[in-house]
Amino acid sequence: MMTSNKMMCLASKWDGHTHTELCPHGSGDKTATMIEKAIDLGFTDYSLTEHAPLPKTFLSSYAGDREGYETASLTWEQVEAYLALAQDLQRAYKKQIHIHIGFELDYLAGFESDRQDFLKRFASHIEDLIVSVHFLPDEKGQFWCLDYSIEECQKGFASYLAMPNRLIAAYYQAVYEAVQMKGSFPKSCRLGHLDLIKKYQDYWQWPRLGAMNPLESKEAHSLIGKILDKAKERQWGLDLNMAGLYKPYCNDSYPSAYILQEARKRGVPLVYGSDAHSLGNVGHAYYMYERI
Ligand SMILES: [Zn+2]
Ligand SMILES: [Zn+2]
């Protein structure tokens with residue numbers, strides 16, 4: 001059933017979160033082939049949201065696996081090639097599908113001015129934007145990737161993981177900072193996979209139901225409320241990201257039911273996101289979005 005805060009009109013079918021052949025942790029599948037599959041599936045709108053390059057000075061604050069850093073995003077040198085690819089595809093398929101050119105931009109505490117510079121520099125090209133938190137500082141202020149691997153999380157967030165409530169609060173605090181970031185944001189903007197911190201929830205054996213679920217603590221709910229209030233104020237939406245459903249230790253959409261319900265209460269728009277990094281991911285679980 002369609003609800004009032006679904007974005008766009010009934011006739012549209014939008015994948016608001018996809019990656020391209022240039023993504024260094026992607027499959028390398030041709031973006032054109034992915035778009036053709038989306039057209040076959042009846043999508044009318046398709047956002048290209050490739051990972052924006054990380055700040056040039058970020059490496060000195062990063063303590064995680066070097067490969068995690070190197071494969072996280074486009075390099076600065078690739079941005080022009082990405083935009084050219086996106087524009088070519090936009091032109092080539094314009095009669096069949098509306099391609100929105102954008103990025104998935106990492107929020108990184110302490111690197112706000114770099115993020116603002118990026119948005120300003122490419123403002124004329126950015127039609128759509130996803131703001132995500134993939135990196136979190138540990139208690140000493142060194143960053144680790146929170147969705148690269150279980151080993152990386154265990155290494156970087158060992159003390160936090162002993163008390164998952166603290167890890168989750170630190171993550172939502174970062175998302176709260178992200179939604180408050182100032183800068184040249186496009187009109188169409190969403191928070192990416194809002195509860196990505198649960199990617200390995202079944203590995204950590206966080207209880208799904210009941211008061212012991214650290215994702216549903218009072219503190220987590222209070223931060224989620226603040227994030228959604230701010231999103232509403234800024235007219236940002238949420239990426240209703242289906243990638244988590246297919247992750248072996250997540251087995252849920254991002255975000256989960258509680259957040260969707262709170263977003264709906266506030267009228268925060270939800271936009272389907274396959275987060276496709278391969279041809280196989282295109283259109284994944286769209287039926288779930290239709291049911292919500
Ligand atoms: Zn990615
Ligand atoms: Zn992401």
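Helix 8 (residues 218-234) packs with helix 9 (residues 257-266) at an angle of about 40°, the axes lying 10 Å apart; axes are lines fitted to C-alpha atoms, for helices over the stretch in contact, and angles run from 0 to 180 degrees between N-to-C directions. Helices (H or I, at least four residues) and strands (E, at least two) are DSSP runs numbered from the N terminus. The model is predicted: local features need pLDDT of at least 70 and side-chain atom pairs count only at pLDDT 80 or more, whereas totals for chains, interfaces and linings use all residues. Residues are numbered from 1 along each chain as its sequence is written, and chains are lettered from A and ligands numbered from 1 in the order in which they are written.

From helix 8, Ile224, Gly225, Leu228, Asp229 and Lys232 meet Ile259, Glu262, Ala263 and Arg266 of helix 9, contact being defined by C-beta atoms, placed from the backbone, within 7 Å.

In helix 1 (residues 31-40), the residues Thr31, Met34, Ile35 and Ala38 are buried, that is, 20 or more other C-beta atoms lie within 10 Å of their own. The buried residues of helix 1 pack against strand 1 (14-18), strand 2 (45-51) and helix 3 (79-92). Gly42, which follows helix 1, has a positive phi near 90°.

Beyond its neighbours within four places in sequence, Leu146 contacts His134, Phe135, Leu136, Cys153, Tyr171, Leu196 and Ile197.

Note on methods:
Contact = placed C-beta atoms within 7 Å. Buried ≥ 20, exposed ≤ 12 C-beta atoms within 10 Å, placed from the backbone.
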